[in-house]
Amino acid sequence: MGFDTVIQVLDSTLRLSTPLLLACLAGLFSERSGIFDIGLEAKMLVAAFFSAAVAYTTGSVWIGLLAGIAASLVFAGIHGLASITFRGNQLISGVALNFLASGMTVLIAQSWFKQGGRTPSLIGGARFEPIDLPFAGSVAGVPIVGPIYSDLLSGHSVLVYVALLAVPATWWLLFRTRFGLRLRAVGENPAAVDTAGVSVVGLRYAAVGIAGVLCGIAGAYLATGLQAGFVKEMTAGRGYIALAALIFAKWRPWHALGACWLFGLLQALALRTDVVEAIFPFRMPVQLLDSMPYILTVVILAGFVGKAIPPRAGGQPYVKER
Amino acid sequence: MDVMPKWADVILVPVISLLLAMAISALVILLIGEDPVAALKMMVQGALGSSYGWGYTLYYATNFIFTGLAVAVAYHASMFNIGGEGQATLGGLGVAIVCLAVPWPHWALALPAAMIGGALFGAAWAAIPAWLQARRGSHIVITTIMFNFIGAALLNYVLVNVMRPEGSMDPATANFPPATHLPTLHELLAPIGINFSKSAPANVSFLIALVACVAVWLLLWRTRFGFEIRAFGRSESGAVYAGISPFKIIMGAMLISGALAGLMAINNVMGEAERLVMNSVEGAGFIGIAVALMGRSHPLGVLIAAILFGFLYQGGAELALWTSIPRDLIVVIQGLVILFTGALDNMVRMPIERVFLALRRRRTEG
Amino acid sequence: MTDLAETSGAAAVAQGPAPAIELRGISKAFGPVQANRDISLKVAKGTIHGIIGENGAGKSTLMSILYGFYKADAGEILINGHPTEIPDSQAAIAAGIGMVFQHFKLVENFSVLENVVLGAEEGRLLKPSLAKARKLLTQLAQEYEMNVDPDALIEEIGVGMQQRVEILKALYRRADILILDEPTGVLTPAEADHLFRILRGLRDEGKTIVLITHKLREIMEVTDTVSVMRRGEMGATLTTSETNPEQLAELMVGRKVLLRVDKAPATPGKTILKVADLRVVDEDKVERLRGISFEVRAGEILGIAGVAGNGQSELLEVLGGMIPATGRVELNGTALELTGRACNGRNRRARGIAHVPEDRQREGLIMDFAAWENVAFGYQNDPAYASGWLMDNAGLRRDTEGKMKRFDVRPPNPALAAKNFSGGNQQKIVLAREIERNPDLLLVGQPTRGVDIGAIEFIHQRIVELRDAGKAILLVSVELDEILGLSDRIAVMFDGRIMGERLPNETTEAELGLLMAGVSDGKGAT
């Protein structure tokens with residue numbers, strides 16, 4: 001297996017890990033504020049559809065991106081309404097939204113485009129085009145570093161870089177700002193935040209809103225960057241893998257990046273059976289590769305490799321005690 | 001203090017939630033340019049207007065009864081089992097192995113064996129998340145979700161690499177031998193002079209599902225183990241005080257839950273497809289969540305909700321056949337029902353509670 | 001009562017500048033329960049004002065309204081004479097009010113500094129805010145003798161220290177009015193004394209302090225004025241120096257209180273329970289019981305006194321089979337299983353131990369279950385409650401009807417869910433279930449917590465009757481009065497050890513208080 005192949009696989013890893021990373025950070029904000037979110041999948045799916053549909057209709061991928069974010073925010077709003085305002089079961093709300101998104105996208109796609117629940121293929125300005133980093137062309141010839149810079153790091157859509165920048169941004173927001181302190185506090189003990197004179201509801205809606213924006217970008221990337229249009233169920237369980245990555249990362253931003261790269265690598269390998277055959281001395285079933293993120297997460301959850309302790313107030317609606 | 005009378009809690013709240021879900025569904029139909037009233041008429045006609053329609057409605061309902069009961073039993077132990085899909089998938093594997101491995105002389109012998117196979121495999125798939133919850137404290141919701149995906153991958157592997165007949169390109173098992181074919185409602189009802197549709201898939205499994213409802217009711221409200229499940233589900237610290245072992249309850253309730261989900265396979269795999277195919281569960285495991293929520297985790301409620309969802313499924317299929325409304329409408333309705341009866345329960349409940357509170361005040365003052 | 005309020009209380013606050021706090025006609029209902037009814041109150045600036053009342057009298061609700069934690073249904077709040085709307089805690093803080101809740105509102109895995117600064121940060125960035133806060137915090141801590149390590153995590157410091165963090169939180173927000181809700185419940189007498197010193201210091205600085213408590217001793221010791229709440233209504237306001245505990249007790253319950261229980265002297269028989277070197281280590285590897293030894297004989301009540309959290313709960317839980325332990329426990333001469341699968345409540349019951357747990361709502365009852373289901377709770381495997389495979393629900397209902405009649409449970413409706421009974425009636429259901437088992441040993445934890453006064457007497461009588469029937473009784477209570485009134489012998493626990501044993505008629509509250517604070521004189525029978 002040559003160096004070129006490694007670069008190709010890693011390049012594919014970077015692209016496949018982007019939606020995972022954005023969704024994972026979305027989950028991080030939500031769950032750090034004490035709101036469990038198993039509806040990441042739903043938000044990505046509606047965002048994928050609306051970004052593709054609007055990008056196709058307007059011809060502008062940027063308007064598409066905004067539409068995707070808006071759709072994702074609507075779903076985040078419903079989740080907030082159910083789990084913050086009406087103090088419902090956050091898990092059930094997530095399950096409900098996943099179904100709603102799954103059915104709704106196909107229903108609207110069918111009545112809008114009449115192409116069997118998909119959008120037409122996106123071309124030109126309706127898609128995110130790869131952008132070349134400065135000097136990508138001129139350093140390509142340099143051994144080792146050249147290909148890494150110009151083939152692996154350069155030549156991705158802008159959203160890939162947005163996702164990467166979101167990691168330090170999340171870390172900074174969470175651990176270096178007032179908002180971050182309050183957000184972490186509300187996920188640990190909302191009563192402490194409430195009695196300190198800060199609105200629990202406001203903080204949690206803010207967190208759920210940020211999750212909505214990030215999922216919106218993730219979905220838009222799927223439909224307008226990674227692929228050229230929306231197809232039914234195109235998220236294909238990525239929301240759950242992101243959730244798994246979040247647990248794997250123990251709700252920490254930099255670790256989330258590592259977990260998403262690992263799971264992205266697994267996805268990239270599943271697409272390259274030739275590489276898999278070259279790596280493993282035995283016949284590695286592709287199904288095992290597919291389910292590896294889930295198996296790893298179960299192992300982590302089981303606490304055999306360090307314990308994953310979620311935010312203490314996670315999953316419980318905040319009710320002032322009687 | 002109870003603010004509402006029991007009937008309001010058990011009937012009024014779910015019915016209003018359901019009506020809200022229906023109203024929004026009607027709005028969705030209207031938005032995609034179709035007539036909701038005509039759509040409803042077509043659904044009723046298609047699902048309930050003929051014994052053919054009923055045959056499908058009851059076939060779907062049978063699946064949902066099993067998965068709904070599965071969710072309900074776990075819910076009474078305060079376990080949210082989202083893994084019905086995976087457990088039913090594995091149940092299918094158990095049923096397929098039983099049907100293919102033994103040359104059964106008659107379905108009446110094959111059925112109990114298949115039930116054991118399906119239940120065992122379903123229970124086994126629930127056992128690992130249950131053990132992890134009971135011993136390691138791993139959140140059962142996340143682990144059962146993960147096991148759905150792992151189960152799907154496992155079945156994929158088995159169908160492609162192990163159980164696929166030689167020469168077949170189709171990732172599915174061989175057809176089950178004819179002796180294992182279950183009698184349909186047509187065959188069961190013919191001797192008593194009822195002419196039920198021949199081509200509908202509803203079969204003897206429906207009767208077993210009804211028996212399962214009664215059995216679950218007896219388990220939960222008449223046996224000591226059921227008493228302990230309900231006590232544990234309401235208060236874990238109380239259970240420890242009463243000498244109830246949390247480990248025993250978590251394992252027991254989840255194994256029963258998984259077994260019920262696995263039992264579904266006698267309907268869809270053995271009764272209908274008569275072979276095991278990829279994605280044979282078709283989301284029934286998830287619909288079990290909606291069914292259990294609407295049925296307030298009571299077997300009678302589960303039965304009613306399962307038939308309602310059976311109606312929605314068959315009606316939705318008819319709609320997709322005759323109009324341009326895709327079958328995915330059912331998924332939307334299903335999502336809305338879970339949203340309103342589950343997550344937004346308080347939104348419906350709080351105004352009703354206020355009404356009852358005002359009524360009570362007036363009564364005591366007047 | 002009203003005449004008292006007019007003569008002494010109202011007079012004390014009527015003159016001078018505007019009161020720091022004035023409440024007018026505050027009412028608050030939770031669903032069908034009226035927690036506060038038309039409450040008016042004045043607290044003068046620079047005083048320590050006590051609010052006393054039984055559990056459930058509505059004290060905490062009233063103060064939570066003042067802190068903006070709950071919203072009143074009706075009424076008006078005046079701070080320093082100005083009408084003030086307090087819709088949330090933000091508004092309360094802005095009005096100069098700070099509150100130390102009974103259950104601390106701290107983020108466990110944050111540092112002291114982060115907890116103090118939370119919600120009162122100087123700017124959007126954390127670092128400058130924390131630096132500024134550190135300076136101010138050190139200054140405050142020195143001023144009021146409240147030394148805390150700003151970088152220690154909350155989960156690593158003791159409750160006394162955590163309480164100081166709560167007070168510092170309020171002072172950091174420049175509170176002029178400080179409300180403390182049952183602040184001494186988790187403190188030893190010595191820690192409580194330190195707290196009172198701090199409070200007096202704050203008062204002398206001109207701050208106004210409201211102390212909520214159900215302990216008469218604290219009112220007498222530290223307050224300047226006191227008002228009494230009963231059943232959601234504000235009774236009298238009195239000057240502390242002009243009243244006495246008996247008068248306050250009477251105002252609290254609305255009639256003369258029998259602080260002593262009528263009982264004949266005990267006639268102890270053979271040893272029923274023998275405990276030797278009992279040790280418990282909890283999940284955090286902290287030793288909760290550090291080698292406990294004692295005996296309880298037939299026909300006597302052994303009372304375990306102590307400040308909450310000194311191992312009494314663990315003692316009950318070990319004997320009730322709820323948690324494992326090491327050491328030796330014998331019942332009627334045979335050892336009990338202290339570890340492994342046989343160590344559970346079911347086996348303990350089979351051996352003749354009945355258990356009225358400390359927390360009836362979390363442990364003793366399933367609140368959603370009907371009364372008759374709760375009568376089976378813990379005894380669901382009893383053959384008497386089963387017919388074959390199934391439970392004998394009809395028989396259980398009949399049995400429950402009898403129990404409800406004999407224990408005067410109101411309303412006597414077996415189908416009613418436990419949550420719909422009052423605290424006293426809930427406790428009677430638990431007591432009926434456990435006492436009618438005719439156990440050799442009865443474990444009772446906090447038998448009258450949150451129970452109305454009428455039910456208290458009934459419950460005490462039943463416990464004494466069981467003793468007179470020749471049973472052994474182990475009583476755990478944080479109420480010293482209850483321990484003194486009921487026990488035939490008293491053992492005092494501190495920090496997982498028994499500090500000493502006393503006979504109730506040969507000891508005083510002061511002596512027991514010293515033992516509860518960990519001051520041992522070596523006379524103990526450990």
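Colleague: How many residues of domain 1 of chain C are in contact with domain 2 of chain C?
Modeller: Eight residues of domain 1 of chain C, and they are in contact with six residues of domain 2 of chain C. By contact I mean that the C-beta atoms, placed from the backbone, lie within 7 Å.

Colleague: Which helices supply that side of domain 1 of chain C?
Modeller: Helix H2 (59-66) and helix H3 (89-94) of chain C each supply at least two residues. H2(C) gives the most, with three residues. Helices here are DSSP runs of H or I with at least four residues, strands are runs of E with at least two, and both are numbered from the N terminus.

Colleague: And how do the residues on that side divide?
Modeller: Into six nonpolar, two polar and no charged. Ala, Val, Leu, Ile, Met, Phe, Trp, Tyr, Cys and Pro count as nonpolar, Asp, Glu, Lys and Arg as charged, and the others, Gly among them, as polar.

Colleague: Before we go on, what kind of model is this?
Modeller: This is a predicted model, where local features need pLDDT of at least 70, side-chain atom pairs count only at pLDDT 80 or more, and totals for chains, interfaces and linings use all residues. Residues are numbered from 1 along each chain as its sequence is written, while chains are lettered from A and ligands numbered from 1 in the order in which they are written.

Colleague: OK, where are the domain bounds in chain C?
Modeller: Domain 1 is 1-96 + 208-254, domain 2 is 97-175 and domain 3 is 271-516. Those bounds come from an automatic or database domain assignment. The centres of domains 1 and 2 of chain C, taken over C-alpha atoms, are 27 Å apart.

Colleague: Strands next. How do E11 and E12 of chain C run?
Modeller: Antiparallel: E11 (residues 271-281) and E12 (residues 287-297) of chain C are joined by eight bridges. Two strands pair if DSSP finds at least two bridges between them. Leu278(C) stands opposite Ile292(C) in E12(C).

Colleague: What's in between?
Modeller: E11(C) and E12(C) form a hairpin with five residues between them, and Lys285(C) in the turn has a positive phi of about 65°.

Colleague: Switching to chain B. What's its secondary structure?
Modeller: Chain B comes to 16 helices and zero strands. Its radius of gyration is 21 Å, close to the 21 Å that the globule rule gives for 366 residues, so chain B is as compact as a globular protein of that length. That radius is taken over C-alpha atoms, and the rule is 2.2 Å times the number of residues to the power 0.38.

Colleague: How do H14 and H15 of chain B cross?
Modeller: At roughly 145°, with their axes coming within 8 Å. Axes are lines fitted to C-alpha atoms, for helices over the stretch in contact, and angles run from 0 to 180 degrees between N-to-C directions. Leu312(B), Tyr313(B), Gly316(B) and Leu319(B) in H14(B) meet Leu329(B), Ile330(B) and Ile333(B) in H15(B). That set divides into six nonpolar, one polar and no charged.

Colleague: Last topic: how many residues does the contact take from chain A and from chain B?
Modeller: It takes 37 residues from chain A and 37 residues from chain B. H4(A) gives the most to chain A's side, with 16 residues. The residues of that side divide into 22 nonpolar, 13 polar and two charged.

Definitions and conventions: Contact = placed C-beta atoms within 7 Å.
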